[in-house]
Amino acid sequence: LTIAALDFTSVTALNLSGTVYKELGRYDDALAHFEKACSLADGFAPARSNAAMIKLLRGDWENGFHDYEARRFDPNVVTPRTDVASPQWDGSDLDGRAVLVLSEQGFGDTIQFCRLLKQLSETAGRIVVEVQPSIRQLLATLDADIEMIDVGDVPGAVEVVAPMMSLPYFLGVTAEAHISGAAYLHPGELKPEVAALMPAGEGLK
């Protein structure tokens, strides 16, 4: 089966061909196919979230983070828990409300996006964050007033819920200038068994 043989009136085929082009590094072609799929079915979340990844890769944070909200409706993406009754935060002023920030996907995503919790704390009255146990000690060094719970634990009373990877969109992060380049996590000394694995004279990079 070749790309040329696909039915380009099918959103599934367009999403597939776009994915192939993305893997080949042909981002213009990939984005064109994803956008075509979205034009045929605006609610087709897989193509919208795939288009978002291309836009973010190119530095178009404003449209990229906006479109990446579609991942929450993409059956191919692992989504956060849905058993918390509180409504989804819509990005409005929290005005002292308590918010539960839900863990998404892997360790890297939590480490990357937890930097925004300090900004979130400027308007939230209480922040409860789901954190994978393996990196809980690392996130404890974050300069933000947060309460950490394990993924899936009962958060107590919260008024709104926000997926971790939705924070850039809701907080209006549209360019690299909107985030600080300063260190925001501070790992402690390496355990001896880990240090022994490091080449002489080399540190973590």
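Select the sheet first: its 4 strands form an open sheet in the order E3-E2-E1-E4, with parallel pairing. Here strands are DSSP runs of E of at least two residues, helices are runs of H or I of at least four residues, and both are numbered from the N terminus; two strands pair if DSSP finds at least two bridges between them. The model is predicted, with local features requiring pLDDT of at least 70 and side-chain atom pairs counting only at pLDDT 80 or more, while totals for chains, interfaces and linings use all residues. Residues are numbered from 1 along each chain as its sequence is written, and side-chain values use heavy atoms, leaving out hydrogens and water.

Next, select residues 147–150 (strand E3) and 160–163 (strand E4), the edge strands, each of which pairs on one side only. From one strand to the next, the twist averages 25°.

Val99 stands opposite Val160 in E4.

Axes are lines fitted to C-alpha atoms, for helices over the stretch in contact, and angles run from 0 to 180 degrees between N-to-C directions.

Finally, display the side chains in the contact (heavy atoms within 4.5 Å). The residues of H1 include Val11, Leu14 and Tyr21, and those of H2 include Tyr27, Phe34 and Leu40.
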